[in-house]
Amino acid sequence: MASLKLVYKTMNDLTGKIALVTGASSGIGRTLARQLAAAGATLILTSRRQAVLEEVAREIAPAVAVAIAADLRHPEALARLTAGIKKRFGRLDLLFNNAGVGLHALSIDTPPELVRQLFELNFFAPVELTRQLVPIMPRGAAVINISSIAGKLPLPELNIYCSSKYALNAFSDGLWIELRQRGIHVMSVCPGYVKTAFGENLLMGKPVGNVPGQKRFSISTDECARATLDGLARGKRTVVVPRIGWLLIAFARLFPSFVFSRMADRVKRRDNVSGQAKP
Ligand SMILES: NC(=O)c1ccc[n+]([C@@H]2O[C@H](COP(=O)([O-])OP(=O)(O)OC[C@H]3O[C@@H](n4cnc5c(N)ncnc54)[C@H](OP(=O)(O)O)[C@@H]3O)[C@@H](O)[C@H]2O)c1
């Protein structure tokens, strides 16, 4: 209860609070940066593209925003980023581990180097940023991991991506337990479909088409960021957005055989279409 209260206080007043947003150049991260700036936070924006980050910084002025480019798949770049934050600010209140990438292919067709690249960004970077930055986070601070509904249920041809987000969710749950005594809150955000460039930036494959409910339940980055900040203000451990996603998760947990068989049928149909059906 104590940590819940602390988070609530933090979110009520973001003036003077320092927030790091990874993947701030686009999509959910860019909108999170905008909403945090509107609430008075000082922003540290990171992604690979310095020029775009500077554009975001100008967009959210007069809020103070510092742009630091880093490819988070590389430990040296990540370490330079955290060293810069420690030197310049010496403190961090909100860590948004948002940068992430997808991959659309069967697991057995995915080259091992792409599996590693995806895990470097989606899993190892959040773990390492947390490890390096928690020491400068005071009581009332929070780590927010932008995961996915794909980290709550398996999806065919997104299995490698799902695995990285399952790992991130497990990390978030355990971290919540480990950091509670320090008064640092941990929250996992599991969006369904959000309208961003995510599908265009896949490491491999094309965006998944024809998934039932994809269009109907897709949300804007504003809705996703708002749900994230609301969840934080309420001290939530997990946010699923849109909330109807909880129904999908519950259904898959209650009836795994039924759900898994339906998904296997979809893979079989695709294999048949592409002429790769095995006997
Ligand atoms: N869109 C969805 O439907 C959806 C659903 C569930 C969860 N999510 C999750 O939401 C998060 C944000 O995704 P999005 O939809 O906003 O996608 P996006 O528009 O493609 O944004 C991805 C962000 O990650 C940054 N990034 C990519 N590779 C990087 C690297 N190697 N090092 C540092 N930064 C890197 C990109 O910036 P640069 O290109 O400048 O590096 C960009 O700012 C991801 O973790 C994703 O898994 C998205």
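Ala19 stands opposite Leu94 in β4, where strands are DSSP runs of E with at least two residues and helices are runs of H or I with at least four, both numbered from the N terminus. The model that shows this is predicted, and for that reason local features need pLDDT of at least 70 and side-chain atom pairs count only at pLDDT 80 or more, while totals for chains, interfaces and linings use all residues. Residues are numbered from 1 along each chain as its sequence is written.

Strand β1 (residues 18-22) and β4 pair in the parallel sense over 3 bridges, pairing being assigned if DSSP finds at least two bridges between two strands. β4 also pairs with β5, again in the parallel sense, over 4 bridges, and Phe96 has Ile144 in β5 as its bridge partner. Both faces of β4 (residues 94-97) are covered, with Leu94 and Phe96 buried on one side and Leu95 and Asn97 buried on the other; a residue is buried if 20 or more other C-beta atoms, placed from the backbone, lie within 10 Å of its own.

These strands belong to an open sheet of 7 strands with parallel pairing, in the order β3-β2-β1-β4-β5-β6-β7. Its edge strands, β3 (65-67) and β7 (238-241), each pair on one side only. Further along the order, β5 (residues 142-146) and β6 (residues 185-191) pair in the parallel sense over 5 bridges, and Val143 has Val186 in β6 as its bridge partner.

Across β5 and β6 lies helix α6 (residues 159-179), which runs at about 160 degrees to β6, the angle being taken from 0 to 180 degrees between the N-to-C directions of axes fitted to C-alpha atoms, for helices over the stretch in contact. Its buried residues include Ile160, Leu168, Phe171 and Leu175, and what covers the buried residues of α6 includes α5 (112-133), β5 and β6, contact meaning that C-beta atoms placed from the backbone lie within 7 Å.

In the protein chain as a whole there are 9 helices and 7 strands, and buried residues make up 39% of its 279 residues.

Which residues come nearest to the ligand? Of the 27 residues around the ligand, they are Gly23, Gly27, Ser47, Arg48 and Gly100, a residue being near if its C-beta atom, placed from the backbone, lies within 6 Å. Helix α2 (residues 27-38) gives the most to this shell, with 3 residues.

Terms used:
Two residues are in contact if their C-beta atoms, placed from the backbone, lie within 7 Å. A residue is buried if 20 or more other C-beta atoms lie within 10 Å of its own, exposed if 12 or fewer, and partly exposed in between; C-beta atoms are placed from the backbone.
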